Amino acid sequence: MMKKNKRGVIATALAATLVAGCVILMACGKGSKSTPEPTPPTTETGVTFSSSNEIFANPERGFTKTYTARTALDATTLANYRINGNTTLAVRVFYLEDYKAKPLDQAKLDFIQADLNAMRTAGIKGIIRFAYVEDMTGSDAPLSIVLQHIDQLKPLFEANKDVIAFVQAGFIGAYGEWHTSSNGLATTENEKTVLLKLLSVLPQDIMVQVRTPLQKQNVFGTAVSIAAAQGYSGSDIARVGHHNDCFLGSEDDYGTYVNIPVEKQYISNEALYVPVGGETCPPIGGYSASCDNGRTQMKLLRWTYLNLDYYQPTLSAWRTSGCFDEFVRNLGYRISLVNAVIPATANVNGSLKLNINITNTGYAPLYNKKSTSLILKNKTTGSYYEVPLTYDIRTCKPATTAVANFNIGETVSLSSVPAGDYALYLRAADQAASLKSKTEYAVRFANTGTWVTDNGGMNDLKSSLKIQ
């Protein structure tokens with residue numbers, strides 16, 4: 001648990017530009033042929049899905065556990081939180097107070113690696129931060145040491161990119177929150193140096209969060225939110241999100257925002273492409289961290305995760321008021337199947353057009369790319385065949401009103417699938433080879449009777465296909 005009295009913090013904001021639903025027509029890889037294919041029968045299977053209100057775990061979203069202790073993480077404890085508390089993320093703050101004037105030694109690097117191994121064993125991912133001091137009056141490290149440590153961490157980041165959900169910028173000042181630096185690092189110039197250095201050593205797929213919207217704006221010299229053309233591009237500005245560690249503490253969240261409505265709109269626009277999360281603080285100045293305020297702000301700012309350990313009176317009040325489970329369901333993404341129209345027959349070595357409509361009723365989209373595929377299960381032999389899809393599930397943005405159905409379609413090649421009768425499934429697995437076959441890291445859709453834990457976790461399309 002990370003207790004703090006953050007008065008020296010500036011801004012993190014968002015407002016609501018919501019993308020009204022996502023209808024996804026999924027398909028991929030076209031087989032190349034020199035002669036036209038025979039036209040298969042036009043009979044189609046149409047199915048409408050029922051959404052579910054069930055609470056369940058999904059990767060890289062939801063309430064998190066936070067660990068700041070100098071003792072090692074325990075994989076069994078982490079796994080129990082996942083199984084019993086639907087917790088798939090752990091915020092891990094590594095304190096480097098013994099290394100303010102020297103390089104990290106192998107023992108410290110091994111300690112960090114062991115914690116990441118524990119996360120992998122437990123089936124969760126980490127939000128990682130590094131800091132030198134855990135109080136407002138202590139000392140951090142000089143810039144030269146910070147940069148040396150970031151360089152030393154590069155191999156560790158690369159080796160563990162599969163289980164790192166996001167990295168918080170850290171290193172500067174109390175709690176690594178970019179304020180109260182004893183070495184004068186809490187300036188735009190030094191923050192820019194640290195942030196760009198961190199981005200340069202991290203694998204390009206990993207996003208970084210900074211403490212306030214103004215800090216990102218100052219580093220990149222623009223107050224214009226990233227847009228669709230930049231989102232997921234891999235550029236530095238497109239990889240920086242926000243963590244607000246005094247959420248619902250006051251109107252400006254203890255100084256997180258300066259120009260509140262403008263900066264919140266900035267965050268709302270940005271969070272279609274970069275993650276927002278953090279923890280609550282004790283409310284001050286008469287502010288109420290009520291269910292209504294929590295719901296409004298999480299929707300507006302597109303919250304993906306929230307600390308389960310702090311601030312307990314706010315969390316307890318939500319439980320008493322009956323909105324806690326609502327937040328458990330809706331933090332981050334909550335994607336569900338709407339309907340699908342799929343041909344019931346196809347030719348051997350032919351193709352198949354899929355029309356699969358999905359929607360996102362959560363507060364945010366996914367931010368890390370997934371490996372999306374159509375799975376065909378032979379009803380006689382039980383054999384599985386995977387057909388990759390080009391659809392990027394990150395484009396399914398949260399909707400606030402009625403779902404708008406967009407007719408997006410591709411056609412998949414069945415050249416690798418023999419004749420037979422098949423059941424069809426949709427799978428969104430982790431893109432890392434080390435995690436792709438693990439059910440804990442597959443995206444479960446919020447429907448009734450569709451989740452199947454076989455074959456690494458997949459969603460039943462309730463459709464059959466006869467290949468002949």
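The model is a predicted one, in which local features need pLDDT of at least 70 and side-chain atom pairs count only at pLDDT 80 or more, while totals for chains, interfaces and linings use all residues. Residues are numbered from 1 along each chain as its sequence is written, and side-chain values use heavy atoms, with hydrogens and water left out.

Back to that cysteine pair: Cys 246 and Cys 281 are joined by a disulfide, with an S to S distance of 2.2 Å (the cut-off for a disulfide is a pair of cysteine sulfur atoms within 2.5 Å). The torsion about the S-S bond is -55 degrees, which makes the link of Cys 246 and Cys 281 left-handed. Distant parts of the chain are tied together here, 35 residues apart: Cys 246 sits in strand β8 (residues 240-247), and Cys 281 in the loop between β9 (276-280) and α7 (291-301). Helices (H or I, at least four residues) and strands (E, at least two) are DSSP runs, numbered from the N terminus.

How many disulfides turn up in a search of the whole structure? The count is two. The other bond pairs Cys 291 with Cys 323, whose sulfur atoms lie 2.0 Å apart. Its S-S torsion is about -75 degrees, so the disulfide of Cys 291 and Cys 323 is left-handed. This pair, too, links distant parts of the chain, with Cys 291 in helix α7 and Cys 323 in the loop between α8 (312-321) and α9 (324-330), 32 residues apart. Cys 291 counts as buried because its relative accessibility is 13%, and Cys 323 is buried with a relative accessible area of 2%. With bonded cysteines counted along the chain, the pattern comes out as 1-2, 3-4. As for Cys 396, its relative accessible area is 0%, so Cys 396 is buried.

Next comes a pair of helices. The axes of α5 (residues 213-220) and α6 (residues 260-270) come within 10 Å and cross at roughly 75 degrees; axes are lines fitted to C-alpha atoms, for helices over the stretch in contact, and angles run from 0 to 180 degrees between N-to-C directions. The two helices, α5 and α6, are therefore roughly perpendicular to each other (angles under 35 degrees count as roughly parallel, over 145 as roughly antiparallel, 65 to 115 as roughly perpendicular and the rest as oblique). On the α5 side, Pro 213, Leu 214, Lys 216 and Gln 217 meet Glu 263, Tyr 266, Ile 267 and Glu 270 of α6, a contact being heavy atoms within 4.5 Å. These residues split into four nonpolar, one polar and three charged (Ala, Val, Leu, Ile, Met, Phe, Trp, Tyr, Cys and Pro are nonpolar, Asp, Glu, Lys and Arg charged, and the others, Gly among them, polar). Buried residues of α6 include Lys 264, Ser 268 and Asn 269, and the buried residues of this helix pack against α5, β8, β9 and α7.

Zooming out, the protein chain has nine helices and 19 strands, and 58% of its 468 residues count as buried. Among contacts between residues at least 6 apart in sequence, 83% join residues at least 24 apart. Mean pLDDT (the predictor's confidence in each residue, from 0 to 100) is 90, and 88% of the residues reach 70 or more. Over residues 1-42, however, pLDDT stays under 50, and the model has 193 contacts beyond four places in sequence for this stretch.

Terms used
Buried means under 20% relative accessible area, exposed over 50%, partly exposed in between (1.4 Å probe, protein chains only).
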